[in-house]
Amino acid sequence: FRPIVLRTIAILGFVTSSISLLQFFDIGFTSIPCWGNPAATMTTKNLMSSFLFLTLPATLYITITEKRKWSIFGLLTLTMGVFVLLIAQTRAVWLGTSVAGFVASILFVLSIQRRTLWKSYGSHIRNSAIAIAACIIAIFVFNVAPRTGFHETSAAEKAGTIANYASDASA
C-alpha cells in the first residue's frame with residue numbers, strides 16, 4: 001500500500017511541476033486564473049509551493065529506495081520540484097526546505113545504521129544532491145529564470161530578504 005501512495009504523490013508533484021514550468025516559460029496553461037505565475041492549478045504561487053514542499057519527502061523516498069525506472073522518475077520529479085520552488089521565489093518554503101534538509105542531515109549523521117544506509121542508497125542520495133545543487137546554482141549563480149513584471153528581483157535578491165523581511169516590498 002505504501003509504494004502506491006508514495007508513487008501517486010510523486011506523480012502529482014510531477015504534474016504540478018510540469019504545469020508550473022509551462023506557465024513560467026509561457027508555453028501553456030497560461031489561461032488558468034492565478035495570482036502570480038507559476039502557480040499551476042492553484043490560485044497563488046505560495047499555495048503551489050506549499051503543495052510541492054509536501055510532495056518532496058515522498059519524491060525523495062521514491063528516488064532513493066525504488067528500482068531503476070521509478071528512481072529515475074523520482075529524480076526527475078525532485079529536480080523539477082526544486083527548480084519550480086526556486087523560480088517561484090516563496091521564502092517560507094525555501095526556509096522550510098532548508099530546515100528540513102538540515103534536520104534530515106543531522107539525523108542521518110547520528111543514525112546508528114549510517115554505513116548500511118549509505119552502502120544501500122549512497123549513489124541515489126549522491127545523484128539527488130547533485131540535481132538539487134545544479135538547480136540552486138542555475139537559479140542563484142547564473143540567474144537562469146529571472147523574475148519579470150512589476151517586482152523584478154532575482155532569486156538571490158529575494159533570498160537576501162529572508163532575514164530582513166521589511167526590506168522587501170515584492171509579493
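Q: Which term describes Q23, buried or exposed?
A: Burial is judged by relative accessible area: buried means under 20%, exposed over 50%, and partly exposed in between, with a 1.4 Å probe and protein chains only. Q23 has a relative accessible area of 1%, so Q23 is buried. The model is predicted: local features need pLDDT of at least 70 and side-chain atom pairs count only at pLDDT 80 or more, whereas totals for chains, interfaces and linings use all residues. Residues are numbered from 1 along each chain as its sequence is written, and side-chain values use heavy atoms, with hydrogens and water left out.

Q: Where is Q23 found?
A: Q23 belongs to helix 1. Helices (H or I, at least four residues) and strands (E, at least two) are DSSP runs, numbered from the N terminus. In space, the C-alpha atom of Q23 lies 7.8 Å from that of A39, although the two are 16 residues apart in sequence.

Q: Which other residues are buried in helix 1?
A: Among them are L6, A10, G13, T16, I19, L21 and F24. Helix 2 and helix 3 are included in what covers these buried residues. Just after helix 1, D26 has a positive phi of about 55 degrees.

Q: Which residues is T16 in contact with, leaving aside its neighbours within four places in sequence?
A: Contact means heavy atoms within 4.5 Å. With those neighbours set aside, T16 touches A40, M48, F51 and L52. T16 counts as buried, at 8% relative accessibility.

Q: How does T97 count at 30% relative accessibility?
A: T97 counts as partly exposed, and its place is in helix 4. Beyond its neighbours within four places in sequence, T97 is in contact with F53 and L56.

Q: Which residues of helix 4 are buried?
A: An α-helix has 3.6 residues a turn, so residues three or four places apart point the same way. In helix 4 the buried residues are R91, V93 and W94. They cover an arc of only 160 degrees around the axis, which puts them on the same side of helix 4; the arc is that of the directions from the helix axis to the C-beta atoms. A92, L107 and L110 are exposed on the other side.

Q: What volume does the largest pocket have?
A: Rolling a probe the size of a water molecule over the atoms shows where empty space is left. The largest pocket has a volume of about 1100 Å³. Of the 32 residues lining this pocket, L60, A100, G101, A104 and I132 are the closest to its centre. On a 1 Å grid over the protein atoms alone, a pocket is an open set of points where a 1.4 Å probe fits, with protein on both sides within 12 Å along at least five of seven lines; lining residues have an atom within 4 Å of a point. The volume is the space filled by probe spheres set on the points, which are joined across faces, edges and corners.

Q: Which helix gives the most to the lining of the largest pocket?
A: Helix 4 does, with 11 residues.
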